[in-house]
Amino acid sequence: ASSASKQQLSRDDLIAKVPSIIARMASKKPLCHNMTNLVVQNFAANVALAIGSSPIMSNNGLEAGDLAALGGSLVVNMGTTTPEIRSNHLKALEAYNAVGGPVLLDPVGAGATQQRREGVKALMAGAYFDVIKGNEGEIRTVAGAQGVKQHGVDSGASQLNLEDRIRLVKGMAAREWNIVLMTGSTDVISDGERTLNISNGHKYLGEITGSGCTLGTTIASVMAVEREDKLLAAVAGILMYEIAAERAGVREDVRGPGTFVPAFIDELYQIRQESVSGDGKWIEAAKVEIA
Ligand code: ATP
Ligand code: TZP
Ligand code: MG
Ligand code: MG
C-alpha cells in the first residue's frame, strides 16, 4: 500500500487489464524462484510453465543473490520447513528485498505446530513480503490470533463469516503495508486500502494437494511482470488460476481430483494461449466484488 489513495479495482477494470497482463507474462517468461515444500515441487513447476513463467525450484539460499539479479520473483513456502530451510529462506529474502524483487510468503500450516508459529515470526521479523497468502487458519495465525489449532496443513471448517474475514485481511494488510490474501471457496484479498472478494474456482481445488501452493507460484509469476500495481497483479493471477480450474472442473473427461489435475494444467495453458492471441473473453467469467 502506498500513502496516495488508490482507485478501486472494479470488475470492469479487471476485464480490461488482466488478459493483456497474462499475455505480457507469456512473452517475457519471467523467472519464478520457488523455495517450496517437498510435496509440490513438480506440480508448481508445471503450473509455472503452463501459465508462461520460467520456474526454478531452489532451496539453496547461497545462490539466491544470483537468481534475484535475473529480475524475477520469489515464493517462500513453509510447507516442509526445518531450521536449515528457514535460514535459507532468510538468505534468499535478504537478496530479493535488496533488489526490490517481488516476494510472496505462504505460511503453510502456520497454526499447526510451535515450530511453524516461531518460523513465521522469524521470517516476518527478518524480511518484507509483498504478499502473504494462506488459508483461514494460516492467516489468522499470522495476524496474531491465539489458539488457532490447524489440523496439519488444511484449514478445516471456517470459523469466521465473510465480514470478519474481510476485516481481518484488510487490517493485517494495512498493518504490514503489503497484500494479504486469505483463500477459501471465496478468497479475500486486500492491500489495506482496496479489498476484493473473488468467488471463482472449483471444489476440486480443495481436494488436491498443492492448490494453495501453486496459486502462490501463479501470483508471484504475474508480480514479476506487473510491478506498478501489485494488487492488480495478484488478482490477475488468482483469476487466471481459478477460471482455469472452473473450466477444467466441468470437462467431460474430468471425473474426480485425479483427472482434474492434468485438465487444470491444460486449461491454464489454454487461457494463456487465448490471452496471447488477443482473445480475452475468458476473463468475463470473473466473480469479483469490491468489499
Ligand atoms: P487448505 O489446505 O485449507 O485447502 P490451501 O492452502 O490448499 O488450503 P485453499 O484455501 O484450498 O488453499 O485455496 C487454494 C485455491 O483453491 C484458491 O484459489 C481457492 O480459491 C481455491 N478453492 C479452495 N476451495 C475451493 C472451493 N470449495 N471452491 C472453489 N475454489 C476453491
Ligand atoms: N504437507 C506439507 S506441505 C503440503 C503437505 C500435504 C502441501 C500443502 O499444499 P496446499 O497447497 O496448502 O494444499
Ligand atoms: Mg486446498
Ligand atoms: Mg496451503
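How many residues does α10 have, and what distance does α10 reach from its first C-alpha to its last?

## The helix α10

In this predicted model, where local features need pLDDT of at least 70, side-chain atom pairs count only at pLDDT 80 or more, and totals for chains, interfaces and linings use all residues, side-chain values use heavy atoms, with hydrogens and water left out. Residues are numbered from 1 along each chain as its sequence is written, while chains are lettered from A and ligands numbered from 1 in the order in which they are written.

The helix α10 has 20 residues and reaches 28 Å from its first C-alpha to its last, which is close to the 28 Å expected at 1.5 Å a residue, the expected span being 1.5 Å times one less than the number of residues. Helices (H or I, at least four residues) and strands (E, at least two) are DSSP runs, numbered from the N terminus. Among the buried residues of α10 are F260, A263, F264, E267, L268 and I271, where buried means under 20% relative accessible area with a 1.4 Å probe and protein chains only. An α-helix has 3.6 residues a turn, so residues three or four places apart point the same way. The cover over the buried residues of α10 includes α1, α2 and α9, and just after α10, G278 takes a positive phi of about 85°.

## The nonpolar cores

The largest nonpolar core has 52 residues, and those with the most contacts inside it are I189, L239, F260 and F264; such a core is a set of buried Ala, Val, Leu, Ile, Met, Phe, Trp, Tyr and Cys residues joined through side-chain atoms within 4.5 Å. Elements that each supply at least two residues of this core include α1 (11–28), β6 (179–182), α9 (230–249) and α10 (257–276), and α9 gives the most, with 14 residues.

Leaving aside neighbours within four places in sequence, F260 is in contact (heavy atoms within 4.5 Å) with Y204, L205, I208, A245, A248, G249 and V254.

## The largest pocket

The largest pocket has a volume of about 1,000 Å³, and of the 39 residues that line it, the closest to its centre are T183, L205, G206, S211 and G212. On a 1 Å grid over the protein atoms alone, a pocket is an open set of points where a 1.4 Å probe fits, with protein on both sides within 12 Å along at least five of seven lines, and lining residues have an atom within 4 Å of a point. The largest share of this lining, four residues, comes from α8.

Notes: Buried < 20%, exposed > 50% of the residue type's maximum accessible area, 1.4 Å probe, protein only. Points joined across faces, edges and corners; volume = space filled by probe spheres on them.
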